Amino acid sequence: MTTTVNDMDPRDASQAELMRTGHQTAAHSRWLAAEIQDALDDARPGLSFDEVMVALDAEIGAAERERAADRSRAGRHVPSSAPRQR
């Protein structure tokens, strides 16, 4: 017979959930540490803040235009967006 969380004493179930959460947190921490190390080891040149913001503004603008076009084709009014601030 397999014991499930529903079959456990509430204290045991709580302890099992805490352990599961702890394992998930540890796995996420290992993944994040590896991602950060990969970024630090990347030999490509970095981008300045302004370069990143220009690229993101262009991407956001393209997405907003696409959304407006989709809504326009569907016959719905698209409210104007408030200007983005940096």
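Me: Is Arg11 buried or exposed in this predicted model?
Reply: Happy to start there, keeping in mind that the model is predicted. The relative accessibility of Arg11 is 66%. Exposed means over 50%, so Arg11 counts as exposed.

Me: Which residue does Arg11 meet in a salt bridge?
Reply: Side chains of opposite charge can pair when their charged atoms come close. For Arg11, the N to O distance in the salt bridge is 3.2 Å, and the cut-off is 4 Å.

Me: How many salt bridges does a search of the whole structure find?
Reply: Arg44 with Asp42 is another salt bridge, and so is Arg73 with Asp70. Searching the whole structure gives a total of four.

Me: What is the N to O distance between Arg44 and Asp42?
Reply: Good one to check in the viewer. Arg44 is exposed at 63% relative accessibility, whereas Asp42 is partly exposed at 31%. Their side chains meet in a salt bridge, with an N to O distance of 2.5 Å.

Me: Where do Arg73 and Asp70 both lie?
Reply: These two form a salt bridge, and their closest N and O atoms are 2.3 Å apart. Arg73 is exposed at 63% relative accessible area, while Asp70 is partly exposed at 37%. They sit three residues apart, about one turn of the helix. The element that holds both is helix 2, residues 49–73.

Notes:
Residues numbered from 1 in each chain as written. Predicted model: local features only at pLDDT ≥ 70, side-chain atom pairs only at ≥ 80, totals over all residues. Heavy atoms only, no water. Buried < 20%, exposed > 50% of the residue type's maximum accessible area, 1.4 Å probe, protein only. Helix = DSSP H or I, 4+ residues; strand = E, 2+ residues; numbered from the N terminus.
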